[in-house]
Amino acid sequence: MAPPPPPPAARPLLASHAAVQSAASHAASARLGRLAGDHHPPQVAALRRGDWVKLICGASFEDAADVRNLSLVYTLAGVDCIDCAADASVVGAVNEGIDVAASIVPAVQRPWVMVSVNDDCRDLHFRKAEFDPEDCPPDCSKPCEKVCPADAILLERVMIEGEHSQSDPSCGKLEGGVIMERCYGCGRCLSVCPYDRIRAMSYVRDPAMTAELLKRNDVDAIEIHTTGKGTDMFNTLWSNLGESINNVKLIAVSLPDVGDSTVNLMNAIYTTMQSHLQGYNLWQLDGRPMSGDIGRGATRETVSFAVHLSSMSNRPPGFYQLAGGTNSYTIESLKKAGLFQSTTFPGAAASGVTDCQQAFIGGIAYGGYARKIVGRVLRKIQAQFGYARIEDHPDYLLEALQEALSLVGPVKGYPTLPSL
């Protein structure tokens, strides 16, 4: 006997589930087609082709509910790696999101899970905003709350007795402040505070705790952020991580362009790593940190960084990947520079590279912009249902997946998505 048809109320839900599976399966099929005949791990094959995509959840972003949902959506979209804070609960949230994605579309590729650490407290990715709302004038216009891209500042004006006051803002106080797990250190609130009450609190990830994370079988990669101010602190961190570094498949180093000394710095770092480098290594060219959601111009610095390195003959081995200001305009900028998925590029002859078997730029890491476009959907869910699992709301999951595919698809070369 055939099963009874679903009740009318359930039909839109089932249609949305089917649309999600169709969109994600379409992406998975396109990705598998590109892997035909390539003996490398799929993530490495993507780096070699130049279509690697990494989702940056944020080195300091620790909202496990959002990290889980972001990981689920971008796994379905086909990213190769998910980079997150070196925190056990956050790593668990990433893996939960990946597992749910695989339960929806079993053919989906499991991305590598990467944890981010720093060797220097001056690194901008490893800080949190902090202030005491009781120091704020009760009639403050709260520009910090408006400018925060992560919705990490929440201030409520209350009467001293606890009742809301709308008529006279000066008769009360502000309560709330920074939601620490959501703050990822972009610093935009620091400059807009009219009373200069907001501080940036920097920190360094504990190498001993990081070493323990690297022993887990659900952590595949590590990214070490360095400020470019010498190698002493990098060497110390590398030594403290010890043998745990041998457990990962990929070691990435994120660094800024420090001008003419950049390549010498990279080679010094590579010399330190070389004795324990058992997997692959990657250089993250960090242009304008935590700015991809601002607009077109934010991507200029990371592309300029790539152009600078493309002409250098003595750059160290490894894959190269863009970050810092990356957004929907990055591919266009790379194409104009002749560096999008290109094995022959401007400066190749000057650098001594004439026959390269892989793309010079292995891929793109998307952070603030990737979180922004899917975050708009997550905020809709939160407004209606509070924090929720996105897969329980398939209409919203489909909307979020379409946003993610609009970013991942052009890098991966997915064919046009069928009408859903």
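How much space lies in the second largest cavity? The second largest cavity holds about 140 Å³; a cavity is a set of points, on a 1 Å grid over the protein atoms alone, where a 1.4 Å probe fits but cannot get out.

## Basis of the model

This is a predicted model, in which local features need pLDDT of at least 70 and side-chain atom pairs count only at pLDDT 80 or more, while totals for chains, interfaces and linings use all residues. Residues are numbered from 1 along each chain as its sequence is written, and side-chain values use heavy atoms, with hydrogens and water left out.

## The chain

The protein chain has 14 helices and 12 strands, taken as DSSP runs (H or I, at least four residues, for helices; E, at least two, for strands) and numbered from the N terminus. Of its 420 residues, 53% count as buried, that is, under 20% relative accessible area with a 1.4 Å probe, protein chains only.

## The second largest cavity

Among the 18 residues that line the second largest cavity, the closest to its centre are Ala129, Cys183, Cys186, Gly187 and Cys189; lining residues have an atom within 4 Å of a point. β4 (127–130) and α6 (188–192) each supply at least two residues of this lining. The lining divides into 12 nonpolar, 2 polar and 4 charged residues, where Ala, Val, Leu, Ile, Met, Phe, Trp, Tyr, Cys and Pro count as nonpolar, Asp, Glu, Lys and Arg as charged, and the others, Gly among them, as polar.

## The largest cavity

The largest cavity contains about 220 Å³ of space. It is lined by 24 residues, with Ile56, His125, Met290, Gly367 and Gly368 closest to its centre. At least two lining residues come from each of β1 (52–58), β8 (221–225), β10 (280–286) and α13 (368–385). By class, the lining has 7 nonpolar, 13 polar and 4 charged residues.

## The largest pocket

A pocket is an open set of points with protein on both sides within 12 Å along at least five of seven lines. The largest pocket has about 290 Å³ of space. Pro149, Ala150, Arg371, Lys372 and Gly375 lie nearest its centre, out of 17 lining residues. Two or more of the lining residues come from each of α3 (64–77) and α13, and α13 gives the most, with 7 residues.

The lining of the largest pocket comprises 7 nonpolar, 2 polar and 8 charged residues. Domain 1 (38–125 + 203–345 + 368–412) and domain 2 (127–160 + 169–202) each contribute at least three residues to this lining; the domain bounds come from an automatic or database domain assignment.

Key:
Buried < 20%, exposed > 50% of the residue type's maximum accessible area, 1.4 Å probe, protein only. Points joined across faces, edges and corners; volume = space filled by probe spheres on them.
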